[in-house]
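Work through the exercises below with the sequence and the model open. Each task is followed by a solution in steps.

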Amino acid sequence: MAETRRCERCGREFEPKREHARFCSARCRVAWNRENWNQASRDQQKWGSENWADAPRGPQDTGTSALRWAFTAMHDTTRRLGRVRASDRAQAFAVIGEAVWWVTIVDATLVRHYPDDYDAALDRLTAAERQATETTFAGLRFVRNRMGYHADQADFIQPCVDDAAGGDAPITEWTWRSLPEPAVGTLPPRGQEWELSRYQAYQDVLAGHRVGETFSRTSDFHDLVVRTVRAAGGAPDAHEPAAGASGERRPSRRVT
């Protein structure tokens, strides 16, 4: 029997499509945000120049600000993937871990603040692309939740050798290791299901594949979401041109 939850706004029972879903619909989510927006928090000056404007701020402004800093941090991190020396294993593992963290943070930010645009971007993908994209993000959440807590970065990453150059290949060419199924006995039944589904996603689309391939896919999709938001007038100038996993600027692709 599928799990149901009670909407935090209207109280109606619904079947969650995502792990952290709290509302039965986008309408309830928007209404709850408006009703619970804290005036004191809205007036408080926070870090970031975008928070210093004199104009009144609301939930949409907060989403745009969050999108800006999240994309800045993610792009800075993914650019570093192409700059870190492969011979510095500790630094290389750390940068990959940071990239995993920020990619999942950006994804959560987009889902929270722009769920309709996020779903619209998914609908613009082919069935195979959508499956690969959603599974990739699930696999990265598995990495994020376990890397540094239950396993070291080196347990996830397999460095590759460049025979022609006589040393390690660039870290974007390194691959994700295949991992044994995690122990989930201490989690509640629903938590076990989520964790094992994330693990399976990792095994399906990350294990054996290149790190650069993974982050190129996530960057391409997040760029598509932001273009969808901007086309709808939701977040003008919310991000700069994306940097690919190699660290180079990529021109935005026009999706029709």
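**Exercise 1.** State which residue forms a salt bridge with Arg-198, and decide whether the two partners are buried or exposed.

Solution. In this predicted model, the partner of Arg-198 is Glu-195, and their closest N and O atoms are 2.5 Å apart. A salt bridge requires the nitrogen to be within 4 Å of the carboxyl oxygen, so the pair qualifies. Finally, compare each value with the cut-off for buried, under 20% relative accessible area. Arg-198 has 8% relative accessibility and therefore counts as buried. Glu-195 has 6%, so this residue counts as buried too.

**Exercise 2.** Treat the pair Arg-190 and Glu-193 in the manner of the previous exercise.

Solution. The closest N and O atoms of Arg-190 and Glu-193 are 2.8 Å apart, and the two residues form a salt bridge. Both are in helix H8, with a spacing of three residues, about one turn of the helix.

**Exercise 3.** Find which residue meets Arg-141 in a salt bridge, and state where the two partners lie.

Solution. The side chain of Arg-141 meets that of Asp-107, with an N to O distance of 3.7 Å. Arg-141 belongs to helix H6 and Asp-107 to helix H4 (residues 89-113). They are 34 residues apart, and the pair links distant parts of the chain. Arg-141 has a relative accessible area of 24% and is therefore partly exposed. Asp-107 is at 4%, so Asp-107 counts as buried. To complete the inventory, a search of the whole structure finds 10 salt bridges. A network of salt bridges links Asp-123, Arg-130 and Glu-134.

**Exercise 4.** Describe how helix H6 packs against helix H8: what are the angle, the handedness and the contact residues?

Solution. Start with the axes. H6 (residues 127-146) and H8 (residues 189-205) have axes 7 Å apart and pack at an angle of about 115°. H6 is therefore roughly perpendicular to H8. The crossing is left-handed. Then list the contacts: H6 contributes Thr-135, Thr-136, Ala-138, Gly-139, Arg-141, Phe-142, Val-143, Asn-145 and Arg-146. From H8 come Glu-195, Arg-198, Tyr-199, Ala-201, Tyr-202, Asp-204 and Val-205. Sorted by class, this contact of H6 with H8 holds seven nonpolar, four polar and five charged residues.

**Exercise 5.** Repeat the analysis for helix H5 and helix H9.

Solution. The axes of H5 (residues 115-123) and H9 (residues 211-231) come within 9 Å and cross at roughly 120°. This angle makes H5 oblique to H9. The crossing of H5 and H9 is right-handed. On the H5 side, the contact involves Asp-117, Tyr-118, Ala-120, Ala-121 and Leu-122. On the H9 side, it involves Phe-221, Leu-224, Val-225, Thr-228 and Val-229. The classes are eight nonpolar, one polar and one charged.

**Exercise 6.** Determine how H4 is oriented relative to H9, and which residues make the contact.

Solution. The axes of H4 and H9 are 11 Å apart, at an angle of about 25°. An angle under 35 degrees counts as roughly parallel. H4 and H9 are therefore roughly parallel to each other. H4 passes H9 in a left-handed crossing. The H4 residues are Ile-96, Ala-99, Val-100, Val-103, Val-106, Asp-107 and Leu-110, and those of H9 are Val-211, Phe-215, Thr-218, His-222, Val-225 and Val-226. They divide into 10 nonpolar, two polar and one charged.

**Exercise 7.** Locate Cys-24 and list what this residue touches.

Solution. Cys-24 sits in the loop between strand S2 (13-14) and helix H1 (26-36). Leaving out residues up to four places away in sequence, Cys-24 touches Cys-7, Cys-10, Arg-12 and Phe-14.

Definitions and conventions:
Residues are numbered from 1 along each chain as its sequence is written. This is a predicted model: local features need pLDDT of at least 70, side-chain atom pairs count only at pLDDT 80 or more; totals for chains, interfaces and linings use all residues. Side-chain values use heavy atoms; hydrogens and water are left out. Axes are lines fitted to C-alpha atoms, for helices over the stretch in contact, and angles run from 0 to 180 degrees between N-to-C directions. Helices (H or I, at least four residues) and strands (E, at least two) are DSSP runs, numbered from the N terminus. Angles under 35 degrees count as roughly parallel, over 145 as roughly antiparallel, 65 to 115 as roughly perpendicular and the rest as oblique. A crossing is left-handed if the near helix is turned anticlockwise from the far one by less than a right angle, and right-handed if clockwise. Contact means heavy atoms within 4.5 Å. Ala, Val, Leu, Ile, Met, Phe, Trp, Tyr, Cys and Pro count as nonpolar, Asp, Glu, Lys and Arg as charged, and the others, Gly among them, as polar. Buried means under 20% relative accessible area, exposed over 50%, partly exposed in between (1.4 Å probe, protein chains only).
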